[in-house]
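Work through the exercises below with the structure open beside you, and try each task before reading its solution.

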Amino acid sequence: MIIVHEPAEVARAATGPITFVPTMGALHAGHASLVSLAAAGSGTVVVSVFVNPSQFGPGEDFGRYPRDLAADARLAERAGADILFAPTVETVYPVGFATTVDPGPIAMDLCGRTRPGHFAGVATVVTRLYGLVQPQRAIFGRKDYQQLVVLRQTAVDLALGVDVVGAPTVRDADGLALSSRNAFLSSDERSRALALPACLAAIAAAHHAGERDGTHLEAVGREHLAGLAVEYLELRAADRLGPWTPDRLGVALVAARVGTTRLIDNILLDPAQPGSALASAFPKEPS
Ligand code: AMP
């Protein structure tokens with residue numbers, strides 16, 4: 001694997017179609033799973049590490065976001081990356097950069113309600129990175145489900161020529177979804193954070209048992225969130241996050257603050273293949 005900072009170096013080193021895994025670094029086994037999935041295909045695997053200032057709001061954790069390029073390079077290489085692309089802020093946002101990609105109403109929903117500008121920041125940087133890296137395929141985690149939906153829409157709406165692929169969420173043995181932000185949790189907070197996967201597992205179990213009333217499914221999950229600062233717990237249609245009806249693939253999404261750390265998680269609810277346990281309750285997402 002080579003580490004490069006300029007897009008021209010990516011173009012020089014790549015052979016065949018490029019599969020791209022954009023990240024903000026602080027890589028963990030969740031990111032590694034995306035890179036392994038990318039490496040299972042042919043061509044070149046490019047992983048980017050760029051902590052994008054424009055997707056953090058005022059008072060969010062941009063300043064304290066963990067950064068360790070050497071550790072990221074080791075993990076990316078082990079997982080099968082060919083090129084680690086670590087551009088500077090000036091490369092991604094050169095003087096005069098003025099364009100914003102606005103994903104429309106979905107950017108104001110769910111996480112967008114408390115993070116105005118976040119999804120425009122994500123859509124803009126990812127579109128810009130596509131331009132710099134020129135991938136045919138890009139892989140994103142379902143862990144950030146709304147982000148995946150936004151980026152699918154952006155790729156289709158703007159005919160970017162990039163096939164957007166969603167990959168399953170990787171969890172710790174106790175069910176907590178891996179996240180770079182878990183590093184901010186004290187051991188007490190980490191225990192309390194287990195309420196998120198417990199809530200989703202309860203919803204999946206109730207769905208498995210035949211419960212199809214969305215309000216009731218949400219209530220079942222909410223019982224596990226007592227004591228947390230819950231931002232939202234909602235059931236939506238999995239394709240575009242519109243209203244859910246029981247005949248459709250659904251997704252239960254939760255966002256909550258544990259101490260000062262904001263965590264999100266979700267679980268898919270497949271009417272044809274209802275899951276019973278967290279590990280097996282993540283059916284294939286719609287494409
Ligand atoms: P981030 O660096 O947190 O912006 O994430 C980069 C990519 O890794 C995004 O596509 C995330 O959805 C994905 N990702 C983060 N955590 C996980 C996880 N636990 N399992 C799978 N993918 C993940």
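**Exercise 1.** In this predicted model, find how much area is buried between domain 1 and domain 2, and what share of it carbon and sulfur atoms give.

*Solution.* Begin with the division of the protein chain, in which domain 1 covers 2–167 and domain 2 covers 180–278. The centres of these domains, taken over C-alpha atoms, are separated by 25 Å, and the contact draws 22 residues from domain 1 and 19 residues from domain 2. Between them an area of about 1,900 Å² is buried, with 53% of it given by carbon and sulfur atoms. On the side of domain 1, R64, L110 and Y145 together supply 34% of the area buried against domain 2, which is more than any other three residues.

**Exercise 2.** Determine how many salt bridges and how many residue pairs in polar contact are found across the interface of domain 1 and domain 2.

*Solution.* Apply the salt-bridge rule, which asks for a side-chain nitrogen of Lys or Arg within 4 Å of a carboxyl oxygen of Asp or Glu; across the interface of domain 1 and domain 2 this gives 3 salt bridges. As a worked case of the rule, take R236 and D109, whose closest N and O atoms lie 2.6 Å apart, so that the pair meets the cut-off. Turning to polar contacts, the interface of domain 1 and domain 2 holds 9 residue pairs.

**Exercise 3.** Describe which helices and which kinds of residue make up the side of domain 1 that touches domain 2.

Methods. Residues numbered from 1 in each chain as written. Predicted model: local features only at pLDDT ≥ 70, side-chain atom pairs only at ≥ 80, totals over all residues. Heavy atoms only, no water. Domains from an automatic or database assignment. Contact = heavy atoms within 4.5 Å. Buried area = accessible area lost by both parts, 1.4 Å probe. Polar contact = N/O pair within 3.5 Å; in protein donor to acceptor, adjacent residues only side chain to side chain. Helix = DSSP H or I, 4+ residues; strand = E, 2+ residues; numbered from the N terminus. Nonpolar A, V, L, I, M, F, W, Y, C, P; charged D, E, K, R; others polar.
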